[in-house]
Amino acid sequence: MTSDNGLQLQRLAEAEPTIIPRDAHSISRADISDNALKVLYRLRNAGYQAYMVGGGVRDLSLGREPKDFDVATDARPEEVRRLFRNCRLIGRRFRLAHVHFGAEIIEVATFRALHPPEDGDGDGDGDGADGERVIENGRIVRDNVYGTLAEDALRRDFTVNALYYNIDDFSVVDHAGGMDDLEAGVIRLIGDPRERYQEDPVRMLRAVRFALKLGFRIHPETAAPMHEMAGSVADMPPARLFDEALKLFMSGDALDAFEILRHYGLFDSLLPLTAEALEDEGNEQWVPFIAAALRNTDERIGADKPVTPAFLFAALLWPAVRRREADLVEAGEAPIPALQQAAAEVQAMQQARIALPKRFSIPMREIWTLQPRFARRGGKRAQRLLGHPRFRAAYDFLELRAGAGDAPAELAQWWREFQEQPERPPSQKKKSSRGGRRRRGGRGRGKGNGEGGGNGTAASTPEESAE
Ligand code: ATP
Ligand code: MG
């Protein structure tokens, strides 16, 4: 199998590329960062080949602003380091030079060779035992064999990511048909899709991400193996999946990402416990709950407001927490310890899939475990909760829950009013329908007629009528 794909790519690498001259494409040096230009020119002036590649070429061709600029060269990482004082070599799996300019980092990669056809020495790494390229079970775990531009182009993931802007004559070099796909709006893997996903399952997530970001469609052949292979994403390192998940859910298209990931079965690989909870019968509130959280995230990003992965993951995992909590309560555990335990278990299990750094997982847990405190409003309790450093996030979370019928609307409304006039707490009315957590008897025995008491306009607030 590998050799089919390998041979096909090898033939392509030997074919002549399409060269798009400077007046036939829309990339202008004025749009490339000064630092990237500095790196490109210095490499060229030292006698090396130097190209801008990847997202920079792709996005500038589409008239979009690139997130960062990547450089490809025939200079070895050590040679790159010698040229730049502000340069660090990083990565074991994939050795790279990072050239630092204050906050901006220009990533400089040396051309990689294609994976040669099965080499027959039995270890499947295609190069004997020098350890520069390591392939295990068809998966690339190390890739430091250097090659030509053509080879480098064909081992990139998508055709639109394999365009090279040549600083020597300002032309674009296209070995994979990327320019046509850019014009047609197509995300297409280079080579045999199954093998490319087997080499690196994260490419499935990248296909979804680029399709969303660029408004492109995924080519049918690139999409075809996804349903079947989506499960292999689960074997990827949790730190890498954290990076990819953030890019998917914090780029302004989270709601669409959620739908497409679910469509391909990729959501299950990222958030298996949530995926299970979404399938539970009688729990139809969870898809709208997550959709509302993601829509809210997208709107905040659209408005340049900050979003935190803590809140995002609190929402993404909440259906799983609630499900586990319900099981524990059913088994006889009291509600609050049940929630604590469910939170701990879900977090620990999820951690094995997506590595959430502590600075996010700690506030995430707090958002969850503060939820029962909203129900206890007597005495000074409400005041104290208002002063809690995580109050705002936890309250926003309560609103989200109330919107999906997972907490009493009355409770969210009470807190909305209370924040406006903490010195005059609104009265607590008896709940007619309890959408929320089941409480033991005796709670929520409010004064009855909370209405008419002066601040009763809240029933028609925008928060209530939205959704
Ligand atoms: P953006 O930076 O906007 O997310 P990008 O295309 O620049 O998009 P990067 O992750 O920065 O994406 O990677 C730079 C380039 O490296 C890609 O355009 C692609 O050519 C190549 N590349 C990145 N990851 C992979 C991968 N998993 N498999 C093959 N090629 C990859
Ligand atoms: Mg990039």
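Me: What percentage of the contacts in the protein chain with a separation of 6 or more comes from residues 24 or more positions apart?

Reply: This is a predicted model, in which local features need pLDDT of at least 70 and side-chain atom pairs count only at pLDDT 80 or more, whereas totals for chains, interfaces and linings use all residues. Residues are numbered from 1 along each chain as its sequence is written, while chains are lettered from A and ligands numbered from 1 in the order in which they are written. Two residues are in contact if their C-beta atoms, placed from the backbone, lie within 7 Å. Among such contacts in the protein chain with a separation of 6 or more, the share of residues 24 or more positions apart is 66%.

Me: How many helices and strands does the protein chain have, and what percentage of its 467 residues is buried?

Reply: Helices (H or I, at least four residues) and strands (E, at least two) are DSSP runs, numbered from the N terminus, and the protein chain has 22 helices and twelve strands. A residue is buried if 20 or more other C-beta atoms lie within 10 Å of its own, exposed if 12 or fewer, and partly exposed in between, with C-beta atoms placed from the backbone. Of the 467 residues in the protein chain, the buried ones make up 39%.

Me: How are α16 and α17 oriented to each other?

Reply: Axes are lines fitted to C-alpha atoms, for helices over the stretch in contact, and angles run from 0 to 180 degrees between N-to-C directions. On this basis helix α16 (residues 309-330) and helix α17 (residues 335-351) pack at about 130°, with their axes 8 Å apart. Angles under 35 degrees count as roughly parallel, over 145 as roughly antiparallel, 65 to 115 as roughly perpendicular and the rest as oblique. The two helices, α16 and α17, are therefore oblique.

Me: How many nonpolar, polar and charged residues does the contact of α16 with α17 have?

Reply: Residues of α16 including Leu317, Val321 and Leu328 meet residues of α17 that include Ala338, Leu339 and Val346. Ala, Val, Leu, Ile, Met, Phe, Trp, Tyr, Cys and Pro count as nonpolar, Asp, Glu, Lys and Arg as charged, and the others, Gly among them, as polar. By these classes, the contact of α16 with α17 has eleven nonpolar, two polar and three charged residues.

Me: Is the crossing of α17 and α18 right-handed or left-handed?

Reply: The axes of α17 and helix α18 (residues 358-369) come within 10 Å and cross at roughly 150°, and the two helices are therefore roughly antiparallel to each other. In α17, Leu339, Gln340, Ala343 and Gln347 meet Ser361, Arg365, Trp368 and Thr369 in α18, a contact whose residues divide into three nonpolar, four polar and one charged. A crossing is left-handed if the near helix is turned anticlockwise from the far one by less than a right angle, and right-handed if clockwise. The crossing of α17 and α18 is right-handed.

Me: Which residues in α21 do Tyr395, Leu398, Glu399 and Ala402 in α20 meet?

Reply: The axes of helix α20 (residues 391-403) and α21 come within 8 Å and cross at roughly 145°, and this crossing is left-handed. On the α20 side stand Tyr395, Leu398, Glu399 and Ala402, and in α21 they meet Ala409, Leu411, Ala412 and Trp415.

Me: Which residue 14 positions from Gln413 in sequence is 8.5 Å from it in space, C-alpha to C-alpha?

Reply: Gln413 is found in helix α21 (residues 409-420) and counts as buried, with 20 C-beta neighbours inside 10 Å. The residue 14 positions away in sequence, at 8.5 Å from Gln413 between C-alpha atoms, is Glu399.

Me: What is the phi of Asp304?

Reply: Most residues other than glycine have a negative phi. Asp304 is found in the loop between α15 (286-302) and α16, where it is exposed, with 6 other C-beta atoms within 10 Å. Although it is not a glycine, Asp304 has a positive phi of about 60°.

Me: How many nonpolar, polar and charged residues are in the shell around ligand 1?

Reply: A residue is near a molecule if its C-beta atom, placed from the backbone, lies within 6 Å of it. The residues around ligand 1 include Gly54, Lys67, Asp68, Arg156, Asn161 and Asp200. The shell around ligand 1 divides into two nonpolar, three polar and seven charged.
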